[in-house]
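Hello,

Here is the structure you asked about. My notes on it follow below.

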Amino acid sequence: MNMNEEQELFAPKPAKSPELTEGMSCQEAAHRTFDFYFRNFLWNEKGARIGKDAEFLHYLRVASKRLRTAFSVFEKYFPEEDIPRYKRELKSLSQIFGKARDTDVYLEFLNDKASKAMSLKELKVFNEYKCFFLKRRKFRQKAVLKKLDSEDYRLLAAELANFISRAPVPENGNTEPPISEIIDREIRTKVEELIELSGKLSHKSSDSKLHKFRIKCRKLRYKVEIFLNVTGSNGEELDRMLIELQRSLGSHHDAVTAGKKLNSYIRTHKEHSKSGVFKKLKTLQDEKALKFRDKFFASLKNIDILKKFTHGGD
């Protein structure tokens with residue numbers, strides 16, 4: 001195998017849905033789900049350490065969130081384990097990954113649409129601004145590597161590997177409820193809550209209120225995707241809707257946080273405060289925020305699709 005083939009095989013990988021079946025016990029489903037997301041976490045951790053492709057860090061962060069969601073879904077079946085602590089530590093990891101990923105996303109925006117909007121005269125100031133975030137990226141990447149090299153992380157990874165490897169698979173005759181009961185508890189009721197909450201949103205809703213709704217969409221989406229092989233076409237339709245809502249709000253949030261970054265930079269670099277560069281950036285970011293706010297509310301008109309997954313749905 002040549003080097004190019006090796007690089008192609010070792011690429012960033014998402015992990016969406018474990019292979020669950022309706023007849024599985026809850027603990028068996030839990031074990032397969034934990035193992036599926038943890039293997040993906042370790043795969044992308046290896047790539048994130050190398051640092052040549054930012055998508056490894058993205059999928060590492062997503063894997064940490066999916067694993068946390070899986071622990072939340074199944075933790076009642078492992079009362080003797082320290083799952084709440086695993087969740088807290090994974091959340092702490094995700095926050096460190098998130099800061100680095102946030103900078104990567106902003107630099108993608110600066111390198112693409114923003115750079116094309118600048119005149120030759122504006123490039124000097126623009127490149128100074130971009131260099132500021134390139135330095136921030138290095139700092140945050142170092143923070144990621146420092147955490148991954150820490151003794152705390154090594155112990156957490158070892159504990160998770162040990163817990164997942166010994167998670168029991170019940171024998172025949174087990175009296176656990178079917179995983180359909182988990183779907184009712186963890187998904188159907190949450191769909192109803194999301195529909196109710198969506199009715200309280202309007203085009204004038206605050207950015208923070210939309211962001212909270214986005215987080216609820218993301219958490220529900222990850223729960224739905226654990227069980228996609230069980231829920232069939234209704235689950236797939238629900239998943240597509242949640243992805244559409246989450247992505248619109250994600251792009252909206254990126255634009256809003258980009259505005260905060262811009263304002264913070266101007267406060268500490270007042271010599272450039274009146275530069276046309278920052279007026280252009282602000283316009284681009286405001287346009288993006290409005291575009292995806294509009295897109296979200298256009299998608300929200302189809303919220304009735306979610307009702308197919310509630311108790312009263314077909």
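Subject: contacts and packing

Glu128, Tyr129, Phe132 and Phe133 in H5 meet Lys261, Leu262 and Tyr265 in H9. By class, this contact of H5 with H9 has five nonpolar, no polar and two charged residues. The axes of H5 and H9 cross at roughly 110° and come within 12 Å. With the range for roughly perpendicular running from 65 to 115 degrees, H5 therefore counts as roughly perpendicular to H9. Please keep in mind that this is a predicted model.

**Overall layout**

The protein has ten helices and zero strands. Read along the sequence, the pattern is α-α-α-α-α-α-α-α-α-α. Taken along the principal axes, the C-alpha atoms fill a box of roughly 75 × 45 × 40 Å. Of the 314 residues in the protein, 44% are buried. Among contacts between residues at least 6 apart in sequence, 78% join residues at least 24 apart.

**Helix H5**

H5 covers residues 123-148, which is 26 residues. At 1.5 Å a residue, H5 should span 38 Å, and its end C-alpha atoms lie 37 Å apart, so the two values agree. The buried residues of H5 include Tyr129 and Phe133, both of which also take part in the contact with H9. Val125, Phe126, Lys130, Val144 and Leu148 in H5 are buried as well. What covers the buried residues of H5 includes helix H2 (26-50), helix H3 (54-74), H4, helix H6 (151-166), helix H9 (228-268) and H10.

**Two further helix pairs**

Helix H4 (residues 83-116) packs with helix H10 (residues 276-300) at an angle of about 105°, and their axes are 12 Å apart. That makes H4 roughly perpendicular to H10. On the H4 side the residues are Tyr106, Phe109, Leu110, Lys113 and Ala114, and these meet Leu281, Leu284 and Gln285 in H10. Sorted by class, the contact of H4 with H10 has six nonpolar, one polar and one charged residues.

H3 and helix H8 (residues 207-226) have axes that come within 10 Å and cross at roughly 75°. H3 and H8 are therefore roughly perpendicular to each other. In this pair, Val62, Lys65, Arg66, Thr69, Ala70, Val73 and Phe74 in H3 meet Arg218, Lys219, Arg221, Tyr222, Lys223, Glu225 and Ile226 in H8. By class, the contact of H3 with H8 has six nonpolar, one polar and seven charged residues.

**Single residues**

Phe38 has its place in helix H2. With a relative accessible area of 6%, Phe38 is buried. Leaving aside neighbours within four places in sequence, Phe38 is in contact with Leu67, Ala157, Leu160, Ala161 and Ile164. Phe38 and Arg166 are 128 residues apart in sequence, and their C-alpha atoms are 14 Å apart in space.

Thr231 is found in helix H9. The relative accessible area of Thr231 is 17%, so Thr231 counts as buried, the cut-off being under 20%. Not counting residues up to four places away in sequence, Thr231 touches Ile183 and Phe309.

Ser299 is found in helix H10. Ser299 has 4% relative accessibility and counts as buried. Its contacts, not counting residues up to four places away in sequence, are with Met241, Glu244 and Leu245.

**Cysteines**

How many disulfides does a search of the whole structure find? The search finds zero. Cys26 is buried, with a relative accessible area of 0%. Cys131, at 39% relative accessibility, counts as partly exposed.

Regards

Notes. Residues numbered from 1 in each chain as written. Predicted model: local features only at pLDDT ≥ 70, side-chain atom pairs only at ≥ 80, totals over all residues. Heavy atoms only, no water. Axes fitted to C-alpha atoms, helices over the stretch in contact; angles between N-to-C directions. Helix = DSSP H or I, 4+ residues; strand = E, 2+ residues; numbered from the N terminus. Parallel < 35°, antiparallel > 145°, perpendicular 65-115°, else oblique. Contact = heavy atoms within 4.5 Å. Nonpolar A, V, L, I, M, F, W, Y, C, P; charged D, E, K, R; others polar. Expected span 1.5 Å × (residues − 1). Buried < 20%, exposed > 50% of the residue type's maximum accessible area, 1.4 Å probe, protein only. Disulfide = S-S within 2.5 Å.
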